[in-house]
Each structure stands twice: as structure tokens, then as C-alpha cells.
Amino acid sequence: MSVVQKNTSEASKWYLPGILTGLGITAKHLLKNLFSKNQMLTLNYPEEKFEYSPRFKGNHVLTVKKDGSLRCTACMLCATNCPAECISIVASEHEDPSVEKYPIKYEIDILRCVFCGFCEEACPVNAIRMGPEWQTPGVNGANFHYGIEQLAYRPQLKGGIMSVVDDEERNKAGI
Amino acid sequence: MPKCTINGKEIEVKEGTTIIEAMYGSGEQKGEWPAGKVAHYCWHPGLSVAGVCRLCMVQIEGNPRLQIACNTVVTEGMKINNTSDAVKDAAKWGLDFHLINHPLDCPICDQAGECGLQDQYMEFGKYNPEMAEKKVKKHKVVDLGPTVVLDSERCILCSRCVRFTEEVSKTNELGIFNRGDRSEIGTFDGKPLDNKYSMNTVDICPVGALTSKDFRFRQRVWYLKDSNTICNGCSTGCNVKVYFNREGFFRVKPVYNEQVNGYWMCDEGRDVYKFANRENRWLKAKKRTSAGWEEMQPGAAAKEAGMVAKSAGANAALVLTGQYTVEEYEAIISNFVNELKSKNVFHWMNMPEKAEDFDGLLLRGDKNPNTKGLLQILQKYGISTKWSDLTAGLASGTIKTVVVAGPEIQVQFPDMKDKIKELSKAQNLIWMQSGKNSDLEALTGNVWLIPMKSYVEKDGTFVNYAGLAQKFKKVTTVISEALTLAEAGDLLVGKMLAIKPEPNVFVEAVRPPDRVVVEHRKKNEFVYRRGTL
């Protein structure tokens, strides 16, 4: 347990000096913000939004291949690496033998997620990335278990983000 | 008996032993690599020597070149070493050659996590391959048969599976076709790999070339725990390892036991885990009343059914299948004989005409793991009843209440329907078994259905066809409320369940006489520690 040492000096017992100092600080900020508005830190939130760096780790995106299908191969390395255990994947056999394995369920419990980015670090095929979105409130009863539909094909992604790792190109290169 | 020194450790081996066998260990230490591990792919203790992977290189003193351990016989005074830089270098290069055409498939390969290539790569890996050529592409996802899928790109041509079909199953389906880097495993003329032991090829495949259709893509192996138990598929009693996690059981693999199954097990036995999984089990007990089925806790149902059994007394009959442990039989039969004074204990044998069948390797016609054990206990209590006695008793009305310990593996009981029909003639039917059964749930009359624990959920002993008693330990709990047959037997005769005291290993039974007790330590320590209130 921490012990807080109170300021018990004589001067601190006087009421007015403390109040006036505080008011002074408030007045200083008021005047500063009144006369130089562009340096003001406060945002008018819903209209104005703060821009984070492009490296910001926000909501997850499942990338897609050229044909628009999921890049994910359901290797479950992200789920293994996830410290919050929020990823659950069910793999299945794909009809196309060159794809072989793909996820039929990919779900992220976004309320459990700690946005550490370990999933994108673990992914061997650049299938999961963390995007810039972070404002994803939900009204009462909203679903915070994001499935494939939400992670890969939500409207903001405009048809999906293409993965940089392409199997066909790798095949051609003889890897 | 030549003596040799392996990595500085002196080992005495039998005449004609190869170096790798000497290193693998013998007797008690078999498989423990007492003198240090050696990398190997093609050598398997249960198969002949092929010497194709060239990874088990060892240095023999006085020999200018490295030799393969799997095909070099130990001679007197041989000094062997596999920790030198030359050996490591050889293994490293051997691995690099294996990986020339190996695809980077690990993310979608079921073997990942238990793969020989991954293991050796972590140990000797050459992290910068010097191969600039393109990889040779071969067939992927080849359907070899009803149980196995082949990926020839991943194959390192160790020929273990080919030798298995040649030497153990003696079906000769597999072979290596083409030459050089175009060689591939395949079946002749596209004939399927379809024998009763085909899944062993998946186990012995050191890479992910052969994968099991049943297990394919269902779990990554690092999510699975494993535990040893005894297969309850037939009376051979193979030693097996079950792989499970909290979602259930996923697969079964054989464990070496020289007396019982060697290194192998049959495909049928690999399916029995399914009957222990939650989706195939009764979760709650059910009682049939005039209003229909009523769900109850298993313990409560057994207690209630016990009142009926007790009132029937000597008119109660017990029907046992050979699928429970010796301890359970002992408990329930002693309860029946001593408490209910009923000697109406019947043995329900499935497929008695096939009981003596044997396919020459492992599979036996008696599909119960513990028929011998049951017969021993019946003999012990002097019970020699026939099924016809039960039929007669049911017809004449001398048997009013029938308690059935039903089968765990119902598919092996083709007479299930008939027996349910026959036994449901009794006034009260108390049916205990682990798996669901729609015929039982369609019964009318006084019926209790009580869920039992499966073979992976209890300790016990199975006595196999040869009279060998094998103890096994509980693996995990799938349905915690389910009862073992011993517990159900106690509840049925009105006894309470008690935790059987076991000798405590942490507290000495007797205090040594010279132990001094300090006065202030006699205080209750809890009060002492808590301080003043």
C-alpha cells in the first residue's frame, strides 16, 4: 500500500491563495484559446476527428486475394500467438487443391482483443492486418464477435484489401 | 555380446545390433535414446532398414568417413560419436538436400508441430539454403484411399509407408514411382490404399506427406494434449495415446508395447474416441413417467432407480457387457450379490460366433476390451447363468427389474435393437450407458436411462484376450455428472457415494518418536496467523 504524504505546511492551510492560483491557470488557458484558436487541443469530436499515424493498430482487416477470396489459410498461428485468446478459427478443406485449407469461420471477439498486433506479426501470408479504424461503437445488442463478413468485406474496405503475398506469383517464382 | 562406446557411454548390445538400435535403447530404456539422439527419417524400429535418408550419420573412430547408424552393425570396441562438428555438418547438409523440393506448406500442413523436418531443422537447420533452382512441383491432395491423403511435394521418400504395407500389413499397395527428383509415392494403377491398418502409414510418416482424412484440418497439434490409455475397440487391448483438448477427443495413436500391439494399431480402433465425445453422449439421466421423459441428474436418477431395484431384491437382474473395467464389475456384482441377494447376473456377448476371429495381426472378433475380466469376476462369484435363463425369467415374471450396463461402442452391437426389445419386457428397466440411443429413448414403460463415464474418464483394468491385465489411468473428464459403473452400483443398492480414502503421500502416517513439538507451535496456526480481530 502506498502512503500519501499530505502537505501539512502552514501556508497550505490558507484558502484564498490556492483558489486564486487555480483561477489564474484557468484564466490563462481561456485567454490563450480565445486568441489563438488553431493551437487549441480540444476537438469538436463528432465533426472533427483526430488523425492517427498510418501505423496505428485499429480494427482488424482480413486481406483478400486477387479473386476476392480470403487470403487466410487457417494455419491458426494468429490464434496461437494471441495473448487475449480472442481469435477462433474453424478450418476446412477447399475444393481447389492449390488452396487446400481455408477458414469457414474466423471470428474475433473484439471486446477481448487488446490490439497488440501479435496476430499480424504471426501471420505467414499477410492475411490479417490491423487497420486504421478505431471508432466502432455498438448500440445495445450489437455483435462484437466480428466474423469473416465484417473483417474482410465490411463496406469501409470497399470490396476488400489485397494481400501482398500471392501464391500464384510464388509458384511461378518456383518457391 | 559386443561392447561399444557411444558418445562416451559404454553400451553392451546383442550380436548383430546396428548402431541406431544401440542408441535407441533396449529393454526398459527402449525409445529413450540413453546415449543421445540421432537424427533419422527412414529408420523405424518396427520396420526393416532402408538407409535412404542419409541423416543418421555417425563418426566411428578409425573410419575416415561418416557412416549411417541404421545400417552399420556394432562390433567389439567400436567408438561411436554423433556430436562432432563433422556429424552436425553432415546432418545439416542432408537436411538441406531433403528440403530442396519441399514446399513451404507448414501453415496448411497437419504435421506442423510434430514434423520431423521442423524438429531437425530447429536443431541442425541451415537457415540460408543454397539452392537457386526452382522447386519440382508434384501432385498435391492425392486421394489415396478412404483414410489417407497424400501430398507428394512434402514427401521426402523415406519409404517408411512403402515398407509398412510390404512388411506389416502385407498388402503391398504403396510404391515409389519414377526416378530422381520426380520420384513419387503412389499406389499402383490408382488402386486405393485400403487396408485395416492404413492409418499407421500416417503415424510413421515423418513429414506431412500422408495425412489422416479423419483428423485433417480439425485441430493444430499444439492445441492437443495427449495421454496414454488402452483401446477399448476389441479384446486385443492395444496401448494407445488419445489426443484431446477441451473441445473433445480428436485422434488416437498407438503406443509401443511389445507384448500387445508392437508399434501398430488398427483403423477401427482409431474411431472409438468418437464415442467418448460430448456430442454422442447422454448428458443427463432420463426417467420415463406417465407424463413422458423427465430429465434428472445421473446420481439422483441412479438413487431413485435404486429404490426400484431394492424393492425387487432377488428378482432384479443385472446384464453386463464386456466394455467396463474389472474394478467396476467387481463393485457392481458384489453389490448385487451381497446387498440385493440376487445372483441374476447375465453376460451380454455381442457377436459370439465371431468371438474367436483373428486377422493375424491385431484385430480380433471379440469387440469387447474386457470379456476375460468380466468372466473372471463372474467366476469369482460363482455365477454361471445363461442368457436363456433371463429370457425365461422375463417370460415367467420372476425377473421384474433389469439393470443393464450397456455398450459404449454401440456400432459393435448389431443385436442392440433386439436386446432392447427383449429387455424392455421387464417391469422396470434401468439402462446405463454412455452414448445416445434413439431406440432406448423411444421406449415406454418404467425406464431409467443413466449416463455412464466412458473408458477415457476412469481408472481401471482391462484384461485382454490373452489374460493380460492392463491398468490404465483416467485421461480427462468429458461429462462430470456421469457415473462409473461402480458408483452406479453403489447408488442402486442404496449406498451413498463416498470418496475412497487413498494413502496420503504428503503426511507421514506415523510421527517419528524423536520429533520434538515446541509448545507454542501447538497453537492453531490459523488463529495464530490471523492476528487480533
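Reader: Which strands of chain B form a hairpin with five residues between them?

Author: In this predicted model, β21(B) and β22(B) form that hairpin. Within its turn, B:Gly467 has a positive phi of about 85°.

Reader: In what sense do strand β21 (residues 460-463) of chain B and β22(B) pair, and over how many bridges?

Author: The pairing of β21(B) with β22(B) is antiparallel and runs over four bridges. As an example, B:Phe462 has B:Gln470 in β22(B) as its bridge partner.

Reader: How should I read the faces of a strand?

Author: In a regular strand, side chains alternate between the two faces of the sheet. Strand β22 (residues 469-472) of chain B presents B:Gln470 and B:Phe472 on its covered face, while B:Ala469 and B:Lys471 lie on the uncovered one.

Reader: What describes the packing of two helices?

Author: Two numbers are used: the angle between the axes and the distance between them. For helix α7 (residues 326-338) and helix α12 (residues 485-492) of chain B, the angle is about 10° and the axes are 8 Å apart. Because angles under 35 degrees count as roughly parallel, α7(B) is roughly parallel to α12(B).

Reader: Which residues of α7(B) and α12(B) meet?

Author: From α7(B) come B:Glu327, B:Glu328, B:Ala331, B:Ile332 and B:Asn335; they meet B:Leu485, B:Ala486, B:Gly489, B:Asp490 and B:Leu492 of α12(B). The residues of this contact comprise five nonpolar, two polar and three charged.

Reader: How are chain B and its domains laid out?

Author: Chain B holds 13 helices and 22 strands, and its C-alpha atoms fill a box of roughly 85 × 80 × 55 Å along the principal axes. The domain assignment gives domain 1 (1-98) and domain 2 (280-492). Taken over C-alpha atoms, the centres of these two domains of chain B are separated by 52 Å.

Reader: What percentage of the 533 residues in chain B is buried?

Author: Buried residues account for 41% of them. As for contacts in chain B with a separation of 6 or more, 67% join residues 24 or more positions apart.

Reader: How many residues of chain A are in contact with chain B?

Author: There are 15 on chain A, in contact with eleven residues of chain B. On the chain A side, α2 (77-81) and β2 (87-93) are the elements that give two or more residues. The largest share, three residues, comes from β2(A). By type, the chain A side divides into eight nonpolar, four polar and three charged residues.

How values were computed:
Residues numbered from 1 in each chain as written. Chains lettered and ligands numbered in written order. Predicted model: local features only at pLDDT ≥ 70, side-chain atom pairs only at ≥ 80, totals over all residues. Domains from an automatic or database assignment. Contact = placed C-beta atoms within 7 Å. Nonpolar A, V, L, I, M, F, W, Y, C, P; charged D, E, K, R; others polar. Buried ≥ 20, exposed ≤ 12 C-beta atoms within 10 Å, placed from the backbone. Pairing = 2+ DSSP bridges. Axes fitted to C-alpha atoms, helices over the stretch in contact; angles between N-to-C directions. Parallel < 35°, antiparallel > 145°, perpendicular 65-115°, else oblique.
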